[in-house]
Amino acid sequence: MDIHFYSEEFKQLLHKYEELQDNNISEFLDSEELTDIAEYYCTIGKEDKALEAVNYANHLYPTATEPLVFKSRMALLIHNDVSQANEIAETIVDKSDSDYMYLKAEIMIADHQVSLADQYLQEQYEKLIDVDSKDEFIIDSAALFSNYEEIDYAEKWLNRAEDIDNDDYKEIKVRILKGRGKYKESETLLNKLIDKNPYSCNYWNQLAQIQFLNNDIQGAITSSEYSIAINPNDEDALLNKANGLFSLDNFKESLKYYQLYKQTCHNADISVIDVTIGHIYLILGYPIEAQDSYQQAIDESFNKDSTLIHVGISIFDNGYFKIAYNLFNLLLPKVGKDWTEGFAYLARCCYELNKTEEYKQYLQLAIERNPVECQDVLSDLYPQGMAIKDYPSINILNNNSIN
């Protein structure tokens, strides 16, 4: 959660809003303050309260842009409803407001119309006259594309900026370098930002993620610890440290931080964390606790089939091939033709359980649906360098020399 929401200033604002809702005070909050409240409620998973706050803002200030932008983004990012997001966006009165323009572009990007969004922003940019406004528009457009990891477009816009010494420019450059896999360059630039603002959790968290990607696991843990020292409830920092500890096989400590993350995180779907917690419990020899965590993941998941597959993979990775086989075999024969996950794992379970005909069947499906997963899970059973498409030519269940 944004550290701003922990500040005394925001706490006073929230208290004032709650007093207002209880009719204990008569003063009004402005549209920006009410939108800030709505964002807070959305962050902690209280969507109804967020909608109530933003609707209240819209009622008091019907021509204000901020509440409608927020409401449109809720439809887009929480409900994945592009049509509704567009409908709300079009109710914004001031269509010359740059926030409206960024919102329209964001809707296009989320709707996989990235080139159209780029074209739209270019058209709006060409209408600007003021040089400062143009440079601000460039930075904001680059930031928008980088937020969606559209690195080529982000770089295209950022390269137009004239002021390359400001922090906004450098922050986007860090993301671009990261997206290009240039982790060392990204880390170097980010450290310069940290030197200027050593109390930014956001910077420390980004640094931890980059170090993790660059396989500097201990460095990632150290960076996350700096962030936790600044804000003990920072969700990203807790998760970064948990992931780092897990990667170093420090399972007991990683379990502690995954659980702390769960206590502070208000995201709508954290089933992947519960699967990971279940995985750790199995490693540590607590099967009942593992089962409880897996069940919690399935119960809370928005995509139960995908979560079931990940539970199966976790059980498989812990060597419980029969249980994993039963789970995969319950789900995978029923999925549609577009489903790609899990077939290689089911094939490997069949191999481990000496189910020859089923192995052949699911090997073929694994090759067709997800060759990358097939390579990861089954390549050690075949001669090194052998093409995946040739796997069916060898009957490995009757060829012990390959095992």
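**Reading burial, helices and cysteines**

Author: Ser 314 is buried, at a relative accessible area of 4%. This is a predicted model: local features need pLDDT of at least 70, side-chain atom pairs count only at pLDDT 80 or more, and totals for chains, interfaces and linings use all residues. Residues are numbered from 1 along each chain as its sequence is written, and side-chain values use heavy atoms, with hydrogens and water left out.

Reader: What does buried mean?

Author: Buried is under 20% relative accessible area, exposed is over 50%, and partly exposed is in between (1.4 Å probe, protein chains only). Gln 84, at 35%, is partly exposed.

Reader: Which helix holds Ser 314, and which holds Gln 84?

Author: Helices (H or I, at least four residues) and strands (E, at least two) are DSSP runs, numbered from the N terminus. Ser 314 sits in helix 18, residues 304-317. Gln 84 belongs to helix 5, residues 82-89. The C-alpha atoms of Gln 84 and Lys 71 are 9.8 Å apart, and the two residues are 13 residues apart along the chain.

Reader: What is Ser 314 in contact with, leaving aside neighbours within four places in sequence?

Author: Contact means heavy atoms within 4.5 Å. Ser 314 has Val 275, His 279 and Tyr 294 as such partners.

Reader: How many disulfides are there?

Author: A disulfide is a covalent bond between the sulfur atoms of two cysteines. The cut-off for the pair of sulfur atoms is within 2.5 Å. The search of the whole structure finds 0.
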